[in-house]
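Here is a walk through one part of a fold. Keep the structure open as you read.

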Amino acid sequence: KSGIKPVVTLYHWDLPQCLQDEYCGWLGRQVIDDFVHFSSTCFSAFGDRVSMWITLNEPWCAAVQGFASGEHAPGRQWSPDHEPYRAAHHMLLAHARAVELYRSEFGGGQIGIARSPNGPRN
């Protein structure tokens, strides 16, 4: 009625604690399958009302500030030369698989990723 179109962000720095506890969240490769399953559930449940999706909000911030500086959850600083890259790698793989799933099985809308305005520049 009002012309407002929702834009849904699937991940905005809010990974369930149980996934962090079970396999260190984005550091564990299992998170990719979990994210794809979650994405599929959301596409199925809300796809009739949502045609614009964001898979990940600012993955650079989540990776660097969560796994290097420790400023954001999960607040890790144990291996800043390794962990942020591993987390970012898994985030990008999860993004790619969710996009592939959406385009192949749901489609009809737009899907992408939200880049960080304060992240690395081209």
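Which side chains does a polar contact of 2.5 Å join? They are those of Thr 55 and His 95. A polar contact is a pair of N or O atoms within 3.5 Å; within protein, one must be able to donate a hydrogen and the other to accept it, and residues adjacent in sequence count only if both atoms are side-chain atoms.

The model is predicted: local features need pLDDT of at least 70, side-chain atom pairs count only at pLDDT 80 or more, and totals for chains, interfaces and linings use all residues. Residues are numbered from 1 along each chain as its sequence is written, and side-chain values use heavy atoms, leaving out hydrogens and water.

Thr 55 lies in strand 2. Strands (E, at least two residues) and helices (H or I, at least four) are DSSP runs, numbered from the N terminus. Thr 55 counts as buried because its relative accessibility is 0%; buried means under 20% relative accessible area (1.4 Å probe, protein chains only). Leaving aside residues up to four places away in sequence, Thr 55 touches residues including Phe 35, His 95, Ala 98 and Val 99. Contact means heavy atoms within 4.5 Å.

Now follow helix 4. His 95, Ala 98 and Val 99 are among its buried residues. The buried residues of helix 4 pack against helix 2, strand 2, helix 3 and strand 3. Just after helix 4, Gly 107 takes a positive phi of about 50°.

Helix 2 (residues 30-46) packs on helix 4 (residues 83-106) at an angle of about 35°, with the axes 9 Å apart. Axes are lines fitted to C-alpha atoms, for helices over the stretch in contact, and angles run from 0 to 180 degrees between N-to-C directions.

Definitions and conventions. Buried means under 20% relative accessible area, exposed over 50%, partly exposed in between (1.4 Å probe, protein chains only).
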